[in-house]
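Please look through the sequence and the model below before reading on.

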Amino acid sequence: MRDVAVVGIGMNKWGEIWTKSFRDLFVEAALMAIDDAGVDTLDSMTIGCMTGGLFVGQEHLASMMADYLGIKNLPASRVESACASGGLAFRTAYIEVASGMSDIVLAGGVEKMTDVSGDGATYALATAADQEYEVFHGATFPGLYALMAVAHMEKYGTTRDMLSSVAVKNHHNGSMNPNAQYPFKISIEEVNNSVMVASPLRILDCSPITDGAAAVILTTVDIARKLGKPIIKIIGSGHATDTIALHSRKDLTTLDATRMAAKRAFDMAGKTIKDIDFAEVHDCFTIAEIIVSESLGVFAPGKGGVAAQKGETGLEGSFPINTSGGLKSKGHPVGATGIGQAVEVVKQLRGEAENGRQLKNNPKTALMQNMGGSGGSTLVHILEVA
Amino acid sequence: MFPSRIWREKAQRYRLEAGKCTTCGYIAFPPRLICPECGAREFETITLPDTGKILTYTVIRVAPSQFTDEAPYAVGIAELTNGVKLMAQIADCEVEKIKVGMEVVIEFRRVQTHGSHGVLSYGYKFVPKWY
Ligand SMILES: [Zn+2]
């Protein structure tokens, strides 16, 4: 396998973007990545999108996005793994370059979620769960993560304030991210008193409904050197699945696909969690960030909430998580989220994170974790400054 | 929802039928074609026990459209007396009184009062034993 680097990143402002179409959102981010990389064409493109069909009635993105990107006959594909579609696009592009099949590949992600009502979005997102054995009974996504939260609170004594501290920290970081959907700070009290969605999760425990796109350019390390770009090398790629239904899992307080995907990425990179300087993780709900931090091995099982409350995961903490603001503040356009994580990781590793959220001491090695559904699929990647 | 889709699940929703692996004893609910524990492909049909205890629960206040009339309602995961876990609504109780570890009985109930095709959907719900 060839060594692969990320040489270009592109991301637009995420939010309720009524003025931009599905196709323009994607092409805008793709052009930013192409310009950033300084390449004049692509060999191939892979796009993560959960459900263009349900959100805007548009499938066949391979054709549409290649068409509007203006590259005639470009080999393009769309991959789907619910909210992990972006991470899957990243891995697919990585494999394509590493294998020698293509030299310059764009990995992108896009979702346009605000062209449907709240109920339409709830329905579309619920298709990532087991329709016959979860959704049929009235389960929603906040509901599924709430079931994990209650189990975690019962087993480990995780508290309301611990959950809230995750949201507060991510909004603090996001307030410094010009691309974030909700770039403002919130307080513990505001989270604790926000509207209940599915107990114990309140609206400020939940990531928002978002329109957005992101793109990165992957190429070989040799070509990256010729382009004169900082070399941000992909040193580990791990992918794993778990049962689609939450109730089929042996333990409701861990995320086994995250644990396995991380193990595979670490084994490939020859690293452990101790070698990682910071991470972008899938905080679709506050409890998710806590459980993910435990399943990745950053903290012992049951200790993720305490660590978050103590500030261990803040910008100045021992293991910063979600310097971008995470899904919580930056937004969660589901298919684009995994690529949005890559954009932040590359910015931090290049030393280019805006407005004071750049980590000090020149971080060298980063991890990103992107998961689908209630953890039924997960991608973990490890990137390093070469 | 098309009637055929509801009809296909009737053995599980109306009768709690599961598949028990004849090689290792793993119980699949709903039934599967291959055992995730041992890889065997032969199962015998069994009926799940109708009692268990709540492992975790949530009270859903922001509900999908077919459930908005019922919100707030509780959804939980119960572990049955034979170790099988499944998800269902927790019915016939004040949601504030639900607790982890609470014993429940599985009862046959109407689950969705209307779908886009106007079909009534029946299935199982958990009912606290102390009622
Ligand atoms: Zn078996």
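Domain bounds, as used here, come from an automatic or database domain assignment. In this predicted model, that assignment divides chain B into domain 1 (1–48) and domain 2 (49–131), and the C-alpha centres of domain 1 of chain B and domain 2 of chain B lie 20 Å apart. Where the two domains meet, 11 residues of domain 1 of chain B are in contact with 15 residues of domain 2 of chain B. On the domain 1 side, the elements that give two or more residues are α1 (3–8) and α2 (10–15) of chain B, and by class this side has 10 nonpolar residues, no polar residues and one charged residue.

Chain B also touches chain A, in a contact that takes 25 residues from chain B and 27 residues from chain A. On the chain B side, β4 (51–60), β5 (73–80) and β6 (85–90) each give two or more residues, with the largest share, six residues, coming from β4(B). The classes on this side of chain B are 17 nonpolar, five polar and three charged residues.

Within chain A, eight of the eight residues of strand β1 (residues 4–11) are buried, so β1(A) is largely enclosed by the rest of the structure.

Terms used: Residues are numbered from 1 along each chain as its sequence is written. Chains are lettered from A and ligands numbered from 1 in the order in which they are written. This is a predicted model: local features need pLDDT of at least 70, side-chain atom pairs count only at pLDDT 80 or more; totals for chains, interfaces and linings use all residues. Two residues are in contact if their C-beta atoms, placed from the backbone, lie within 7 Å. Helices (H or I, at least four residues) and strands (E, at least two) are DSSP runs, numbered from the N terminus. Ala, Val, Leu, Ile, Met, Phe, Trp, Tyr, Cys and Pro count as nonpolar, Asp, Glu, Lys and Arg as charged, and the others, Gly among them, as polar. A residue is buried if 20 or more other C-beta atoms lie within 10 Å of its own, exposed if 12 or fewer, and partly exposed in between; C-beta atoms are placed from the backbone.
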